Structures are given as structure tokens and as C-alpha cells.
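Open the structure in your viewer and keep the selection tool at hand. The stops below are meant to be visited in order.

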Amino acid sequence: MVVVIRKKGKRKLFIILPLLIIVGVLAYCQLLYKSERVDNGMATLEKVFDKHKDIVTSVRFSPGDSLLITSSVDSTIRIWRRESGEIVKEIKQTSGIAYMDLSNDGNYVVTGGYDSTVRLWRIADGSLIKEFKGHSGTVWTVAFSNDGKKIVSGGNDGLVNIWDVESGNLLHKLQGHKRIVWSVKFSPDGTKVASSSFDFSVKLWNVDDGKLVWDNKEHKETVVDIAFSHDGKLLASTSDDKTIKIWNVAEQKLIRTMKVAEHVQAVTFSPDDKRLMTGGRDKPMIGEFLQEIFGDSKFNPGVSARLWDVESGKLLQTFTTHTNDVMDVAYSSDGKWIATASADKTVDLWRLDR
């Protein structure tokens, strides 16, 4: 009888101990985990925009920086006054918005939707100008050329499509990515398009002839976002391999790698190209899984955005106010403001104090 009890006790211990370890790991990742934090007093939280009803997928400043334009999975584009937080216009489409971009003149927005459609909207009256159909599956990424004459899009089908805005014609269907295209950007001079993908690659294409001119496979995981510097000399890439890489475009050469503790999924250069703002996941993989189940981590917000010095790669400031991932980041044209759009359905506006 004693032997049986001991066997049962060992059996119970064999079951309970792993469960306790699992619970401990889960609790740590969700409640106690903290990555490196840096507070140099460089940024002050000015305002939180919290009227979206679902994940905020992108954010832009208007020319002059008086307005913020945001898009969301809740199928809306909202235009806000930066100072007051008042919503001055709402544009609603029939499907959730995976991404949005604003034309340089501030007059138009382009959206990529979950219904395979790219849409062009006029901000002044909220009217739909054109629909561009040529993708199958979600259009995850869209961008205007600096002159506003072209749009590039990418999505689930692995295609990079370049469109003529005036005619609506498809100029190029760029085929080369093997999996989902997560980000597309025009170079500042409009001669190149960069794209990044679930296939771990960053590709650079000629706009005129659609020729692939650089096939960069240096990342070890999905490349989620890319951004050109304003002078066109640098390209930044962010990846699920927990790195931010900065490349010399002309030489197709890696200049610098910055490592973080979590996946990085948004990037933009400051107007003077001296700083880099990144956003991403605020928890390790297990913590992310728990957030999907239990919702935002209000008890233990993680580092979801970071400000870097481009020349040295030094981490200048971390941001910990969001309770879920940062999906997009934006710099104001005067370099005095930063906005972060989040899966927690909010946009934070930061004033840069130096």
C-alpha cells in the first residue's frame, strides 16, 4: 500500500512540475518580462488618439503637421487635429484597411484592403476616386511616389504592382517574391521601388522597366518594413529576426545592424536622416501568444517603439505607453513630433524635446 502511494505521488509530481514550469514561464513573459529601457528625456507624451474601434494600421502627418491621418482594421480613415485631438473627417470603406499612405501634397490617401483592392480617396470631400484591382488576397502595403503620379502595392499574392494614378493602369506586375509582400516604398527620386517579404528578402526594382536590380537575402526571418532615407542614400529594414539593418543603396552594402529583444515591424527616418524611429512587438513570442488570447497587456506594457541614432546605432529612447504592438510610426515634417499607431487601437503623439 505504501509503495502504491509513493508511485501515485511520483506520478502526480511528474505531471504537476512541468505544469508549474509552464505557468511560471507564461506568467513571466506576460507580467514580468522587461527588455532594455532607455529614458534620456527626449520625448513627452502629448496626446492619445483613442477613437478607433480596432487595430490602427498606419499613421501620417499632413503637410504642415497640423493634422494626423490614421487607418484601421475598423475600415475607417480618420483625420484628426493634432493640437485638439478633434476628428475633422472620417472616410469609411467596405473592408478593413491593412495599410494607408498619404500623398505628399496632403490631398489624397491610398489604402490597401482585406478585399484585394487598392483605393484612392480625396481627403477634402472623402470621395472615392479610383479602385485598382490586380491583387488576389489582402493588400498589406501601399505607397505613393513623391510626385504623386504613381502608386505601388503588395500583398498576399507575392506581387508588387506599380500603378499610374491618373489613368488607373497597371504599369508593372513585379514577380520575384515567393511569399507575402509586407512593405513597398518608392525611392525619393521615384526611379526605384523597394519591397520586403515573408520570404526573408528585400528587393530593389527599376520603376521604368520593372527590372530587379538588387536581391537582398541577408535577413534570417520575415522582413516586415522598409524605409528610404530622405536623401535616398540609405535603406532601413526591420525583421522578425529581431534586427534593424541600415543599407547603403548605391553600394548595396550593409552599414549597420541594431539588435532588439522582440520582432520589429515599423520604421521611418527623421526629416534630417540623423535618427531612426522603429516600432514593433512589445513582448517575446510567448507573450505575444498570450496577448492574442487575453488582450492588451495593461499591467505590464513593454517596449513597443525605439528611437535610434543613425550614425552610431545607439539607442536614444524607448517608448512603453502602448499596451500592445506598434504597427506604424511617423515623423512630422518639422522633426518635432513622432506618432505611433498600435494594435491597442490608439495612436500616441510624442513631442520631441531635443
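This is a predicted model: local features need pLDDT of at least 70, side-chain atom pairs count only at pLDDT 80 or more; totals for chains, interfaces and linings use all residues.

**Aromatic pairs**

The structure holds 7 aromatic pairs. Select Tyr 114 and Trp 140 to begin. Their ring centres lie 5.5 Å apart and the planes meet at 85°, so this pair is edge-to-face. The two residues are 26 apart in the chain: Tyr 114 belongs to the loop between strand 7 (108–113) and strand 8 (117–122), and Trp 140 to strand 10 (residues 139–144). Tyr 114 is partly exposed, at a relative accessible area of 35%. Trp 140 is partly exposed as well, at 21%.

Next, select Phe 319 and Trp 350. Here the centres are 4.8 Å apart and the planes stand at 75°, so this pair too is edge-to-face. Phe 319 is in strand 25 (residues 315–319) and Trp 350 in strand 28 (residues 347–352), 31 residues apart. Are these two buried or exposed? Both Phe 319 and Trp 350 are buried.

Now show Arg 179. Its charged end sits over the ring of Phe 198, 4.0 Å from the ring centre.

**Asn 216**

Finally, select Asn 216 in strand 17 (residues 212–216). Its relative accessibility is 3%, so Asn 216 counts as buried, the cut-off being under 20%. A polar atom of the Asn 216 side chain lies 3.0 Å from the backbone nitrogen of Glu 218. Leaving aside residues up to four places away in sequence, Asn 216 touches Phe 200, Ser 201, Val 202 and Trp 247.

Definitions and conventions
Residues are numbered from 1 along each chain as its sequence is written. Side-chain values use heavy atoms; hydrogens and water are left out. Helices (H or I, at least four residues) and strands (E, at least two) are DSSP runs, numbered from the N terminus. Buried means under 20% relative accessible area, exposed over 50%, partly exposed in between (1.4 Å probe, protein chains only). A polar contact is a pair of N or O atoms within 3.5 Å; within protein, one must be able to donate a hydrogen and the other to accept it, and residues adjacent in sequence count only if both atoms are side-chain atoms. Contact means heavy atoms within 4.5 Å. Rings of Phe, Tyr and Trp (its six-membered ring) pair if their centres lie within 6.5 Å; planes under 30 degrees apart count as stacked, over 60 as edge-to-face and the rest as tilted. A charge sits over a ring if NZ of Lys or CZ of Arg is within 6 Å of the ring centre and within 35 degrees of the ring normal.
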